[in-house]
Structure formats: structure tokens, C-alpha cells
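Here are some friendly notes to read beside the model. Take them one at a time, and keep the structure open as you go.

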Amino acid sequence: MLRAGVLGAGHLGKIHLRLLNQSEKYHLVGFYDADEENAKRVSDEFGYTYFSNIEDLIDAVDMVDIVTPTLSHYDCAKQAIAKGKHIFIEKPITNTVEEAEHIRILLAEHNLRGQVGHVERFNPAFTAVKDKIENPMFIETHRLAEFNPRGTDVPVVLDLMIHDIDIILSVVNSKVKQVSASGVSVISDTPDIANARIEFENGCVANLTASRISLKNMRKTRFFQKDAYISVDFLEKKCEVVKMKDAPEQPGDFDMILQNAEGVKKQIYFDNPEISNNNAILDELETFAHAIETNTKPIVTLHDGTEALRVASMIIEQF
């Protein structure tokens, strides 16, 4: 079992602590949190070992799980890498693209593994259909959340939209050509609502909307490609795949047939895969353990995390 230590015991950090503690891939050594009062409270309530010194925790583990505020990701990662430790780092990878690039260089120099916590890659609704997403040419995403003061220290692009940016970059096999965006600050100092349009060199267009002052929660993405429409509901963990194929010469009574102006007939059929019930955060942590054990590439690499941050930064620059 890999010895794991967690940096940060906030809302998400406590979830990571619980899952690492129950994982069969890791032995949870303990955690460090800069807020000593919160750290003692977490330690007393759950029984996790609290390290009062970050260096001592890093020394005691094989893998460092960085779940601190984004501004401290860079320093935490540097300390862990300098001591030869693998790193799992929550999204966004760092505060700036330059910091992310430097971490990637350091990790490669030390021959270590790193993974970024873009958890939606492990959402069962997405994993059920990702192999069916082939060369999408239009993508539309809506990620809306009710207001929560936690996370408002960064623009909604880094708080929410970056999830969808990563998903889009993982399925579009083309470079970003152009980005246009607009954002509005309503209750925070940074934009709370944002819309972005990403154009790729292969002609694919993605339209993204994110809001953290919505009246309801929504996390939906729709992929349009030749002869197929794929919908993923990340919140409800549901998906829908609608495909088209050449219509049979003798359609059945219940076959759905469309005919265009040229007289070409297509049959519509549904190809909805079974969705497995999983814990996406546990999955991302355990697949990272597998990558370390087998010396293979993690599912969400530091390169992936850097590119998602790069596009997010391009969007924020438009505001």
C-alpha cells in the first residue's frame, strides 16, 4: 500500500481523507493543515493523525495529496517533489500557467508521477459514453450552481467552468484556434457568470456557460457529431446517445425514420450504455495509485491540467 498524506483539511480535503482512509490502495499516514484550530478539530472528530509541520508529513509518505487553496498549490507541489514524492493535485493545477509548467519540469526531472483532480473525467455518466464521442463538431455545456461563498475567491471560470474545459480538451483532438468570452461580476469581486466560445483548428466549436448564482444546480454537456448526438448529465449521472444510420428499405412499424430534402432517409436509434455506480473521487485517487505502481501515465496528467488552465486563462483575459 502506498503511504499517503493530505495537505489541506477543508471541505474537499476531508472527503479525500475519508476516501484514502478506506482505500485498499493507500495507507493514510496523516494530514497537515495551516489552520491549526481546524486541524485539531478534524483530528479529534475523525481520528486522523495531524502533523503540525508540513515537512514532517511529506517525509513520512510516498504520495502527497494537495487539497489546499489554489494559491498554495505551487509551493506545496515544489516541496513534495523536492523530497521525491508523487503528487496528486486538485484542480486548477496552480494559480498560473507558468507555475504549472515549472511543476511539470520538476516532476519529469525527478522521474515522479503526478495527477490533477479533474474529477468529472471519472463521472460514471461520462465514462459510459466517452468511447462513443468521436470527432465532435459542436459542444454545448451548462454548469450552474446555487451561490456558495466557498470558491468565490477565484473567477467562476476557475471554480466551475474549468471542469468542462478539461472534458472538452479530452475529447477534441485538435488545437485551440480562438477563444472569445464575456463575464459578469454580480456578488463577488470576480465574474460569477461567464460564457465562452472555444474554436478549434479542426472546425469544432464549444460553447460554455457557467454560473455560481443560479437558482438551481445543473451540470450538462451535449456533444454533436456526424450521425450522433450525445448528452451527459454530470449531476444526475445520466447519459443519452442518439444515433442515425441509413434507413432499411422496409422499415418496421416502430422505426423512427427521417427524410431530408434530397430524399435521403435515416433511421434514428438509441444506444444508451449502462451506467455503473462509482465514487469518482475514490476512482481518481486509486487509478493514480495504479499509475504509480505500474509506472504508467495517469488518466489526467499534469499536461492535461496545464492545458485546461491555459484555456481558462485565455477566457479570463477576455473579461
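**Notes on the fold**

1. Two strands count as paired if DSSP finds at least two bridges between them. Helices (H or I, at least four residues) and strands (E, at least two) are DSSP runs, numbered from the N terminus.

2. Before going on, note that this is a predicted model, in which local features need pLDDT of at least 70, side-chain atom pairs count only at pLDDT 80 or more, and totals for chains, interfaces and linings use all residues. Residues are numbered from 1 along each chain as its sequence is written, and side-chain values use heavy atoms, with hydrogens and water left out.

3. The protein chain has nine helices and 14 strands. For its 319 residues, a compact globule would have a radius of gyration near 20 Å, and the 22 Å of the protein chain agrees with that. This radius is taken over C-alpha atoms, and the globule rule is 2.2 Å times the number of residues to the power 0.38. The C-alpha trace spans about 75 × 40 × 40 Å along its principal axes.

4. Back to S4 and S5: they belong to an open sheet of five strands with parallel pairing, in the order S2-S1-S3-S4-S5. Strand S2 (26-32) and strand S5 (114-117) are at the edges with a single partner strand each, so one side of each has no neighbour in the sheet. From one strand to the next, the twist averages 20°. Helix H4 (residues 73-82) lies across strand S1 (2-7), strand S3 (63-66) and S4, running at about 170° to S4. For such angles, axes are lines fitted to C-alpha atoms, for helices over the stretch in contact, and the values run from 0 to 180 degrees between N-to-C directions.

5. A second open sheet has nine strands and mixed pairing, in the order S7-S8-S9-S6-S10-S11-S12-S14-S13. Its edge strands are S7 (176-184) and S13 (256-259), each pairing on one side only.

6. Which residue is the bridge partner of Ile257 in S14? The partner is Gln267. S13 and strand S14 (residues 265-270) run antiparallel, joined by four bridges. Their hairpin has five residues between the strands, and Gly263 takes a positive phi near 90° there.

7. Now look at two helices, H5 (residues 97-109) and H9, whose axes come within 9 Å and cross at roughly 170°. H5 and H9 are therefore roughly antiparallel to each other; angles under 35 degrees count as roughly parallel, over 145 as roughly antiparallel, 65 to 115 as roughly perpendicular and the rest as oblique. Among the residues that meet are Val97 and Leu107 in H5, and Leu302 and Ser313 in H9. Contact here means heavy atoms within 4.5 Å.

8. H9 has another neighbour to examine: the axes of helix H7 (residues 156-171) and helix H9 (residues 302-316) come within 9 Å and cross at roughly 125°. That angle makes H7 oblique to H9. The contact includes Val157, Met161 and Leu169 of H7, with Ala308, Val311 and Ile316 of H9.
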